[in-house]
Amino acid sequence: MSSEWPLWEVFIRGQHGLNHRHVGSLHAPDAEMAVNNARDVYTRRNEGVSIWVVRSADITASAPSDKGPLFEPSNSKVYRHPTFFDVPDEVGHM
Amino acid sequence: MGAPEKTGTVENAALFELLLRMGDNALILGHRVSEWCGHSPALEEDIALSNTALDLIGQTQLWLGLAGEVEGKGRSADDLAYLRDTLDFRNVLLVERPNGDFGKTLMRQFLFDAWHYLQLKALKGSSDRRIAEIAEKAFKEVSYHLERSGDLVIRLGDGTAESHRRMQEALDDLWPYTGELFQGDAFDAAVAADGIAPEPASLKDAWDALVRETLEEATLKMPADGYMQKGGKRGAHTEHLGFILAELQFLQRAYPGATW
């Protein structure tokens with residue numbers, strides 16, 4: 001039966017002020033039950049204050065094979081990192 | 001507020017009885033629901049049902065712990081759970097009904113949850129602070145149980161022809177076991193008079209309304225109140241309780257005092 005249910009990705013916000021984090025996925029017939037199931041599967045140890053669910057099929061992801069073209073060009077552009085400034089001592093720890 | 005206050009006029013016996021009834025309902029239903037662990041139709045349901053069972057066993061510890069304290073004979077929650085025989089159990093017959101199929105388990109859960117929710121809501125205002133505190137904690141858990149079981153009753157009742165048929169059958173089959181939840185006796189009257197717990201009958205209208213609303217949405221036909229089974233609250237149980245206890249109490253019976 002569960003093979004007929006769509007897959008949902010679950011995001012939990014651990015504490016007020018923090019972002020929702022992806023924690024895993026589960027099967028459910030609709031969004032409401034996905035939230036209920038997420039509550040039971042992923043918040044049993046007091047992990048969350050808020051739950052988001054989204055159908056896995058609704059997520060558009062970059063292709064693993066595009067990793068090179070997408071990300072490698074920035075490897076050689078060290079000047080994009082603000083590491084070339086002299087920080088005055090008075091500023092202290094940044 | 002230091003030591004637990006004594007509840008003036010009410011006899012300890014009536015208070016003990018109330019606590020056993022609350023604790024035994026939670027214990028026996030918790031055990032029944034735990035029988036699904038590893039067998040539910042979907043992994044998500046398996047975890048959800050096991051959570052419910054664990055909530056109920058947790059509540060059992062609180063109710064029976066307090067029962068032992070009130071009784072004053074040095075019996076712990078474990079002693080009361082593991083070392084009493086069927087005649088000493090005070091749970092309603094509804095919670096010892098066999099699980100049947102998944103739909104029947106959910107229907108039993110829903111009918112009980114609706115009562116449990118109203119009972120705990122009333123107990124939150126108990127004149128006995130210890131009872132009010134347990135009810136406060138349990139109420140949050142049971143609110144979720146009711147939300148979940150009600151939701152699934154609606155989905156399955158208003159689902160396919162097959163799921164509708166099974167839910168209606170479950171409802172018709174379990175209905176005669178719901179009356180006992182609202183039947184009071186001298187113990188109930190005693191604790192009600194002291195503002196410790198509501199009269200069982202006083203919850204019936206709210207329960208009817210709550211159940212009717214869900215059943216209508218589920219397109220299920222609410223049975224008429226006819227002959228109602230009873231006896232559990234005074235220790236007269238169906239044959240099923242003996243089998244439950246045989247499994248539940250085996251370890252302590254075979255190896256008295258075993259701990260781990």
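In the predicted model, the buried residues of helix 1 of chain A are covered by elements of two chains. From chain A, the cover includes strand 1, strand 2 and strand 3 (50–55). Helix 2 (43–71) and helix 5 (129–157) of chain B are also included. The buried positions in helix 1 of chain A are A:M33, A:A34, A:N36, A:N37, A:A38, A:D40 and A:V41.

Two of the covering strands are paired with one another. Strand 1 (residues 7–13) and strand 2 (residues 20–27) of chain A run antiparallel and are joined by 7 bridges. Within this pairing, A:H20 in strand 2 of chain A is the residue opposite A:R13. The hairpin formed by strand 1 and strand 2 of chain A has 6 residues between the strands, and A:G17 takes a positive phi near 100° in this hairpin.

Contacts between the chains involve 10 residues of chain A and 8 residues of chain B. On the side of chain A that touches chain B, strand 2 and helix 1 of chain A each supply at least two residues. Helix 1 of chain A gives the most to this side, with 4 residues. By class, the side of chain A that touches chain B comprises 4 nonpolar, 4 polar and 2 charged residues.

Technical notes: Residues are numbered from 1 along each chain as its sequence is written. Chains are lettered from A and ligands numbered from 1 in the order in which they are written. This is a predicted model: local features need pLDDT of at least 70, side-chain atom pairs count only at pLDDT 80 or more; totals for chains, interfaces and linings use all residues. Two strands pair if DSSP finds at least two bridges between them. A residue is buried if 20 or more other C-beta atoms lie within 10 Å of its own, exposed if 12 or fewer, and partly exposed in between; C-beta atoms are placed from the backbone. Two residues are in contact if their C-beta atoms, placed from the backbone, lie within 7 Å. Ala, Val, Leu, Ile, Met, Phe, Trp, Tyr, Cys and Pro count as nonpolar, Asp, Glu, Lys and Arg as charged, and the others, Gly among them, as polar.
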